[in-house]
Every structure is written in C-alpha cells, then in structure tokens.
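This briefing describes how two chains meet. Please look at the structure below before reading the points.

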Amino acid sequence: MRSTMQRRVFIPVAAAAAVALGLTGCVGDEAADTSDIDCAPYESYGTFDGDEVSISGTIVELEADRLNESWADFAACTGMSIDYQGTQEFEANIRTLAEGGNPPDLGIFPQPGLFADIANGGFFVPAPEAVEANVDEFWAESWKSYGTVDGTFYGAPLMASIKGYVWYSPSEFEEKGYEIPTTLDELDELANTIADEGDHKPWCASYASDAATGWPVTDWIEDYVLREQGPEYYDQWYKHEIPFNDPGVVEAFDAVGDILKNEDMVGDVTAGLSIPFGEGGLPILDGTCSLHHQASFYEGFWGDGVTVAPDGDVFAFLLPPVNADDPVAVTGGGEIVGAFSDEPAVQAFQAFLSSDTWANNRVELGGVISANSGVDASLASSPLLEQSIEILQNPDSIIRFDASDLMPGAVGGNSFFKGIVDWIGGESSQSVADKIEASWPTS
Amino acid sequence: MRTVDLIEKIVQVGLGLAVFAAVIGLILFLADKAPKKAKDVVQLVVFLAPAIILLAIGLIYPAIRTSILAFSNKAGDLIGLDNFAWIFTQPDAVRVVINTLIWVVCVPLISTIVGLSYAIFIDRSRGEKFFKALVFMPMAISFVGAGIIWRFLYDYRPAEREQIGLLNQIVIWLGGEPVKWLQTEPINTFLLIIVMIWIQTGFAMVVLSASIKGIPTEQVEAAQLDGTNAWQRFVNVTLPGIRSSIVVVVTTISIATLKVFDIVRTMTAGNFDTSVIANEMYTQAFRANEPGRGAALALVLFVLVLPIVIYNVRVLRKQKEIR
Amino acid sequence: MTSTPVAAPIDTDVARPGTTKTARVKKRLTSRGATIVSLIIAVLWTLPTFGLFISSFRPEEEIKGNGWWTIFANPGFTLDNYSEVLLSSSASSPQLGEYFVNSLAIAIPATIFPLVLAAMAAYAFAWIKFRGSGALFVFIFALQIVPLQLALIPLLQIFSGILQPFQESVGDALNIPTSNYLQIWIAHTIFALPLAIFLLHNFISEIPGEVIEAARVDGASHGQVFLRIIIPLAIPALASFAIFQFLWVWNDLLVALIFSGGTSEAAPLTQRLAELTGSRGQEWQRLTAAAFVSLVVPLIVFFSLQRYFVRGLLAGSTKG
C-alpha cells in the first residue's frame with residue numbers, strides 16, 4: 001500500500017524533475033571572465049573578494065539585464081558578487097521586508113514618497129560620504145532633495161525619465177502643414193484645427209493601468225500646475241504647504257479638463273479608463289488620433305519596425321510652456337537608491353552607482369537616460385533620449401519630480417488616482433480636489 | 001544553474017522531508033512508549049502540539065498584533081476608535097460594505113450549487129476525470145492568469161474598432177452596441193463575482209465529489225431497487241450523506257471570498273463602485289502606508305466572519321450529539 | 001492493515017465489475033437534462049481558458065488587434081509566445097528550469113508538511129476526547145480569516161531574529177549549507193493549517209466510530225489507529241486537500257518573495273511569469289503562453305491524485 005502510493009506520487013514528480021533538468025541542460029554552466037576587462041575605472045573602489053551584495057527593485061526583464069550588465073565589470077574587478085532581484089511587487093513588499101528585519105542590502109525606489117516613508121521608519125542607513133560627494137558633483141540640488149529626509153541624505157538618484165512629451169506623427173504634421181506648438185494656447189489651436197478639418201479626434205486618451213488606473217492623467221495635471229503656476233508653487237503643492245484643492249490646482253484640473261473631458265478633443269470621454277495606457281498612442285500610426293501625452297519611456301511601446309525620429313513614423317515634442325519665452329519646465333521620474341546595510345562592499349557599490357562611470361555605462365546600453373551631469377548625451381540610444389538628456393543637463397531647465405510620486409502613499413498612490421477616475425467620470429474639478437485634500441494623512 | 005546547484009537543491013528537499021518524517025515518526029513512537037497512566041495526555045499533546053505551536057507563532061500572534069494595530073496610528077500611539085471612525089465616514093463606505101455582502105452571498109451559493117450539480121451529473125459517467133479537469137482548471141490558474149483571461153473577455157473597444165472581448169462581440173452579434181462592462185455599475189460587481197465563482201466552483205466540485213464517493217454504494221443501490229427517481233435519491237441519500245461537506249465547502253468559500261482582493265484589484269482597482277473591504281484593507285496597509293486603517297478593516301472582516309463561525313459551532317454541536 | 005479490505009486504490013471502472021453495472025444502470029436513469037446541464041457547465045467553464053489557449057498561439061498584433069474567434073479569418077500561428085516564455089535567456093533570469101526546480105522544491109514539502117500535521121490535529125479533534133476540544137477547534141478554524149498579508153511582518157521578524165541565526169549555527173556546526181527553502185516551507189505550512197485542519201476534520205470525523213472503537217478496544221494506541229486506520233480511510237480527503245495545497249503554493253508569489261531571504265536563488269516560477277509582462281506591463285501577450293506553461297504541473301498533479309478519489313472505501317471498511 002505504502003509503496004504503491006509512493007510510486008504513484010513519485011512518478012509525476014520525477015517526470016516534472018526530468019523536464020526541469022532537460023530545460024536546465026539547454027543552458028551551460030557559466031563562468032565569469034575578467035581577463036579582458038579594463039579594471040582601471042574601478043580600482044579606486046578597492047577589492048571585496050567573496051562579498052555578496054543583494055539589491056532589489058521594480059526593474060525586470062530586458063531592463064534588468066541591462067542593469068546587471070552595467071555593473072558586471074565593476075563586480076568582476078572588485079570581486080564582489082551582486083545579486084539583483086527584480087519584482088513588480090517590490091513597492092508593496094519592501095516595507096514588510098524592512099520591518100521584518102530581512103531587507104536586501106540596497107533597494108531601488110521609483111517613488112521618493114515611499115523612500116521617505118522607509119527613511120522615516122528608521123530602516124535606512126545614511127548615505128556614505130562618497131555617495132554624497134558624487135551627488136553634489138553630478139546632480140542638481142532638486143534631485144539631491146528627493147534622497148534627503150529630515151535633513152539626512154540617504155541615497156542618490158539612479159536613472160531618470162522625462163514626462164510631459166506629446167507624441168505625434170511627423171509625416172502627418174508635414175502633410176497637413178502643422179507646426180510644433182510653442183505655447184499651450186498654440187497647442188489648443190492646433191488641436192482645434194485637427195478637430196475641425198480632420199476625420200478624427202486630435203487627442204488619443206488611455207488611462208487604464210490595473211490598480212493605478214488614472215495615473216497618466218495625474219501627469220497631465222502636474223504638467224499644467226508646473227507650467228501655469230511655476231516651480232515654487234509646485235513644490236508647495238506636493239509638500240502640502242498649500243492645500244491640494246488650492247485654486248491654482250483646480251485651475252490646472254479645469255485646463256486639462258478642457259481637453260480630456262471634451263468630446264471634440266478625445267471622443268468618448270470615459271473610454272480612456274478602459275484602454276490600457278500602453279495602447280493609447282498606437283492609433284497615431286493608423287491616423288485615428290494625432291496627439292498623445294506620455295513620458296519618454298513610451299518610446300519602447302511603439303513596437304518593432306516603428307522608427308522614433310524627427311523624420312520617422314512618430315516623434316515627440318515637450319508639452320509647451322504658457323509663454324514661448326518661459327524657461328523649459330518639465331516633470332520627470334526616476335529612481336532613488338536606499339541602503340539597508342553599511343557593509344563596506346555595499347557602500348562601495350552604492351558609491352559606484354552614483355558615479356558618472358555607472359551612468360555612462362548604463363546609458364550606453366540603451367533605453368534610458370540619467371540626470372547625472374557627467375553623462376555624455378551622445379551615448380544615448382535614440383534622438384529622443386539624447387534630447388531628453390540635454391534637457392536634464394541644461395542648467396536653465398526647471399525639472400520637478402512627478403508630484404504623485406512625491407506625495408504620501410495615501411494620496412499619490414491612492415486617492416489621487418481614484419479622484420482622477422471620478423473626475424473623468426464626470427465629477428467637478430473642485431469636488432475631486434476637495435476629496436483628495438480630505439484624504440491627505442494628518443500625521 | 002549548475003548541476004551542483006541542482007543536486008544541492010534536491011538534497012535540501014530530501015533532507016527537509018527526511019528530517020520531518022524522522023521527527024514525526026519519533027514523537028509518534030515515543031508517545032506509544034509513554035507510561036500507561038499519562039499515555040492519553042501525551043498522545044493528545046503529540047497530535048495537537050505541532051499544529052498549535054506553529055499556529056501560535058504564525059497566525060495567533062500576528063492576529064493579536066493586528067488587533068492592537070487597529071487601535072493605533074502610524075506612530076504606534078493608541079488612538080481608540082479613530083481608525084474605525086475613519087472607515088465608516090468614508091464617502092463610499094456603505095457601498096463597500098454592501099458590495100462585500102453581495103460577494104459573500106453570491107459566490108458560495110452559486111459555486112456550491114454549480115459544483116455540486118456538476119459533481120453529481122458527471123459522477124461515474126464516462127470521461128469523468130476529463131470533465132472534472134475542465135472545471136478544476138480555473139483553480140489551477142493563478143490569479144494573474146485569471147485576471148488576463150477575464151479582462152480579455154470583458155474588453156471594450158469603441159464600436160468602430162474590431163472587438164477583442166468576447167462578451168462585447170456577442171452583444172454586437174445580437175445587434176447591440178459595445179458596453180464598457182467594468183465601468184458600468186452595478187453590473188460590474190457581478191462580472192467580478194463571476195470570476196470568483198469560476199475559480200471556486202472547481203474547489204466545491206472536487207471536495208463534494210470526494211464526499212459523494214464516500215456514500216456507501218449499497219445505500220444508493222438500495223434506493224435504486226426501491227424504484228426512486230434521481231431527484232428522490234439525491235434528496236434522501238446523497239444530500240444527507242454529504243451535508244457536513246456542504247457546510248465545509250460553503251464556509252471555506254465564504255471566508256475565501258471575504259478575503260479575496262486580487263480580482264477586484266487587478267480588474268477595476270475598486271473604482272466604479274466595485275470595491276470590497278479586503279481590497280480597501282490591502283490598499284490602506286500596503287499602498288497608502290496606513291497599517292492602522294488596514295488592520296481596522298481586517299477586524300471588520302473578522303466581525304463579518306463571526307456568523308459563519310457561530311453557524312459552524314452549532315453544526316459541530318449537533319454532530320457531537322448524534323455521536 | 002490486512003484486516004481492512006482497503007487494498008491498493010483502484011479505478012472503479014476497471015476493478016469493480018459490479019460497480020460498473022450499477023454505473024450503467026445509474027447512467028440510464030440520470031436524465032438527459034443532467035447531461036446537457038453538465039455539458040453546458042463544462043463549456044462555460046472552459047470557454048474563457050480556451051480563448052486564452054488559442055490566443056497563446058497568435059502573434060502579438062493579432063492578439064491585440066482582433067478577437068480569438070476570428071482565428072480563421074485572421075490566420076496566424078506562432079510559437080513565439082511559448083519560445084519567449086520557455087527559452088528566452090536573459091542575464092537576470094537565465095533559465096526557466098531553475099524556476100521549475102525551485103517551484104517544485106517549495107511546493108512538495110509545503111504540501112506534505114501541512115497535510116501530515118493537519119491530519120494529526122484533525123484526528124485529535126475528532127477522536128480524542130478532551131475538555132475544550134470544540135472551542136479550540138472553532139478557534140483554529142476561525143483563524144482562516146487572518147489575512148496572510150498582515151501576518152507576514154511578525155512571522156518574518158521571528159524568522160530573521162531566531163530561526164535564521166539558529167539555522168546558520170546548525171549549518172556551521174554540521175558543515176551543511178543553510179536551506180533557502182526552510183522559511184518558505186514553514187510559512188506555507190502555517191498559513192495552510194487552519195483550512196487543512198477544518199477540511200480534514202470533516203472527513204476524519206465521519207469515519208465510522210465502530211472501526212476506531214474496535215481497534216481501541218483491541219489495545220491499539222492513537223498513533224496506531226491514526227497510521228493504520230485513519231490514513232488509509234482518509235485517502236480521498238488527503239488527496240483532495242493535497243491537490244489544493246499544491247496549487248496554492250504553486251501559484252503563490254507573495255510568500256516566496258517575502259521569505260526567500262532576499263535572494264533570487266529560491267525564486268519560484270511565478271516570479272518569472274510575473275516578470276514576463278515587462279517593466280510596464282506592455283508585454284502582457286506573453287502571459288497567455290505563460291499561463292499554460294504554469295498550468296501543466298498542477299494538471300499533472302490533479303490527474304495523478306485523482307485516482308485516489310475512490311468510491312466505496314468507507315462502505316467497504318464497515319462491511320469488513
């Protein structure tokens with residue numbers, strides 16, 4: 001009896017194990033080869049033979065591969081082994097791991113708000129001097145402030161992206177004689193022209209993104225607050241020094257509402273809530289809408305065979321300022337690296353990640369940009385990214401982090417999104433802004 | 001992965017299983033050898049202690065901690081009932097509670113009825129295993145997979161574009177206009193409930209089928225010889241034979257339903273009046289960084305389970321009396 | 001053992017000619033309506049998965065462009081989705097085989113441990129009389145409502161504070177590598193216990209009392225009764241719970257992520273599958289294939305354990 005049972009359980013298990021073994025067999029054993037690496041840039045970090053550093057973040061797949069590649073030489077030369085674990089659950093799990101006493105050595109945080117929460121919980125160790133020196137040298141003051149909580153500097157930024165691009169079809173513009181708008185008014189005029197003469201709506205709209213449905217619209221609102229009210233106002237807004245429902249913010253909601261809640265501009269207003277955000281801009285390719293507001297990373301969404309260039313299938317211009325001669329003001333995103341351990345190997349790695357060497361390594365591998373001023377813009381993998389790096393490095397640009405990522409989780413990760421959904425669904429700007437203000441945590 | 005790593009992993013599993021078997025075997029053996037007088041007590045302890053100790057560490061202690069958290073703010077100070085006051089002053093609090101009640105009534109009821117009928121209808125039929133596997137399959141698909149499957153089904157495209165959602169295509173075949181299903185209230189809540197029913201029916205079916213097979217064959221045969229029809233046999237023989245299993249299935253599905261948030265979260269994120277308490281709990285505790293509010297919502301869930309618990313206590317008492 | 005006529009579990013149809021005859025009789029008696037209803041249920045329950053299955057063989061543009069039912073109008077067959085899921089080799093997630101091994105290494109012990117412990121506890125609640133038995137049982141069953149998410153932090157604190165140092169010192173002393181899986185096994189075991197005890201108690205308490213009383217009168221200890229009578233008789237229940245527990249563990253991502261100690265060495269298949277959607281979820285069409293890849297093992301388990309759902313075990317035992 002016993003043996004029959006064991007055999008019957010054993011066979012499928014053995015079969016599964018055999019399949020697994022077969023799969024493993026396809027990939028050979030690998031070994032690191034340091035002989036032809038130029039170790040000169042990494043000598044100053046010292047050697048850490050046998051030390052292990054674990055690092056975790058939301059970055060997965062191809063981008064995770066590039067991340068691993070970007071520090072492979074560093075690891076080989078210093079002798080440490082770096083174990084990166086990427087999971088989309090990182091943001092939800094990191095607090096549990098930190099509180100449970102078992103976090104990774106380093107975490108890559110896409111949201112300064114969450115970063116500050118963890119810092120306030122007392123889980124981070126302050127950044128070592130080498131990191132702070134790098135940040136002072138290579139980053140703008142505003143970027144440093146996102147890694148600073150209550151006066152203590154905890155971590156340096158990693159990569160960046162620029163929000164507030166408007167994607168369009170260069171060939172359509174050329175054919176119909178449209179000009180790239182230089183002010184928000186011109187943009188509205190352009191949209192009206194497209195609406196009047198075209199057989200399609202000017203704006204594409206898509207806001208669905210699982211639990212974060214509505215976030216593409218928060219980017220719109222932030223862009224308008226920054227452009228209409230200026231950077232000081234923007235800072236006061238995300239820090240809650242002025243209430244969320246301040247008249248200036250409501251004004252921005254109304255301005256965006258003139259576009260996104262206008263049937264002439266987007267067609268069926270609420271349809272966007274059901275369309276995955278990644279698919280929203282694609283109709284530009286078949287000419288069923290002309291303009292799509294989305295971040296620089298949208299470049300990766302167009303698919304194979306679509307060229308992203310000023311003379312290609314699609315390209316993007318920055319959402320223009322209110323007046324043509326206003327300084328360039330953009331919202332952006334990025335990651336901050338926080339440390340849960342002060343082991344020497346961890347600190348050396350942290351310093352490396354904040355250096356221009358790493359930033360150039362990573363930008364050269366393609367697909368991303370960094371706000372590190374030591375980056376050589378010509379290394380960027382596309383015209384758009386090159387242009388983005390130049391904007392980030394221009395000392396006159398006004399750059400602000402995505403406000404929803406800076407606000408406390410209760411607002412930036414919850415009520416702001418929910419408010420947007422209600423707002424698109426027909427609620428008034430004032431009432432939605434009031435609701436979001438009421439949800440701002442008191443402590 | 002190198003071959004060495006693979007062997008190491010197999011060794012780890014083998015070692016784990018061996019140590020576990022050795023420990024269990026040893027304590028059962030020692031309990032047998034206990035002095036006669038204390039034997040019953042020792043045996044009771046041996047049978048219960050492993051489970052109780054693990055539960056105390058992994059669930060009871062956290063449950064107590066959660067209860068304390070429910071009365072605390074973020075800084076850890078006790079603040080009385082503020083978190084509960086917050087829950088019930090939310091603009092859509094009533095809606096969330098009503099939705100939760102709709103879920104906990106619909107899902108167990110329909111899953112159990114469908115699962116039971118299916119189990120009976122295919123019992124002993126040719127291809128039973130295959131038929132069972134069909135309904136069981138949704139259970140084996142992860143929530144992520146289930147989310148994709150059903151989002152596909154409910155997908156909306158404007159009328160001028162080709163639909164990729166089956167439900168809207170059917171509407172169009174019938175001459176209608178495509179509907180934004182997940183935004184259309186109140187049908188969206190029921191569409192989400194269907195997903196949970198789709199998953200849980202497999203559970204009900206498997207458990208009830210195992211239970212049906214436990215009914216002594218001669219009882220069924222005797223009823224057959226008496227010339228009763230299928231419905232009479234079901235009411236007089238099958239139903240009494242599996243009553244306690246039905247209670248177990250309904251209870252389990254009810255609790256699972258109260259706890260489920262993945263479906264709501266991935267499909268509507270609680271927007272469009274579809275939120276349930278568990279989804280609010282998850283959002284507060286893990287996205288909004290308000291563990292106190294999350295814990296308070298967990299306690300509210302616990303209160304909702306109490307009627308189910310009480311009902312089970314009564315069933316249990318009856319069983320003991322019969323025995 | 002030999003006293004109970006519970007020989008090796010056997011397929012009803014093959015080994016019990018008498019039953020087959022009854023089956024035929026019954027089949028004639030079940031109405032045509034029942035057959036139709038069960039067919040409808042089967043189709044309704046399969047259709048969504050079927051659509052996904054068809055889609056998993058379609059190219060990305062087709063999946064996103066038109067419905068799977070138009071496969072004949074828009075033919076397009078590709079194994080790309082599967083090859084990406086099975087073979088795509090990237091530096092950070094090199095071999096699917098490793099994830100398979102991890103998932104199995106997590107799921108097998110995490111199914112067996114709670115099964116054994118819960119069966120023991122269920123037996124105690126059902127057949128050992130002690131004061132407070134009912135109350136304790138209800139309390140344990142009510143623990144099902146504790147949300148897993150809220151139990152993670154305290155458990156992790158205990159693990160990283162006590163279990164891990166202990167494990168490391170034992171590992172050092174005996175010179176064996178510490179297990180990455182131990183924490184995951186224990187966590188899964190704990191979270192499974194309330195439901196397992198509840199389900200198994202239902203079956204074990206229904207075993208006819210005479211059988212157990214008789215054995216007890218003959219001088220068998222509880223341990224002997226448990227091993228020789230309860231386990232064989234509860235096989236269908238044990239098998240069904242084993243299936244569910246295996247599934248839950250197999251499909252779990254959260255517990256594995258939290259308790260894997262921050263390394264990717266113990267990461268299960270679900271993590272790989274979650275990654276396939278890409279950083280921003282733009283590649284979700286790959287999940288169509290991924291869902292079926294991860295479905296294979298649970299189905300194997302289901303089919304191989306299904307043979308234990310045998311009719312008439314209990315009936316046979318009372319007769320004998």
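Chain B and chain C bury about 10500 Å² between them, and 75% of that is on carbon and sulfur atoms; buried area is the accessible area (1.4 Å probe) that two parts lose on being put together, summed over both. B:Phe47, B:Leu59 and B:Arg124 supply 7% of the area that chain B buries against chain C, more than any other three residues. This is a predicted model, in which local features need pLDDT of at least 70 and side-chain atom pairs count only at pLDDT 80 or more, while totals for chains, interfaces and linings use all residues. Residues are numbered from 1 along each chain, chains are lettered from A in the order written, and side-chain values use heavy atoms, without hydrogens and water.

- On chain B 115 residues are in contact with 125 residues of chain C, contact being heavy atoms within 4.5 Å.
- The rule finds one salt bridge across this interface, with a salt bridge being a side-chain nitrogen of Lys or Arg within 4 Å of a carboxyl oxygen of Asp or Glu.
- C:Glu98 and B:Lys9 meet in a salt bridge through their side chains (3.4 Å, N to O).
- Helix α2 (residues 39-69) of chain B gives the most to the side of chain B that touches chain C, with 21 residues; helices are DSSP runs (H or I, at least four residues), numbered from the N terminus.

**One helix pair**

- B:Ile197, B:Trp198 and B:Thr201 in α8(B) meet C:Trp45, C:Pro48 and C:Thr49 in α3(C).

Terms used: Helix = DSSP H or I, 4+ residues; strand = E, 2+ residues; numbered from the N terminus.
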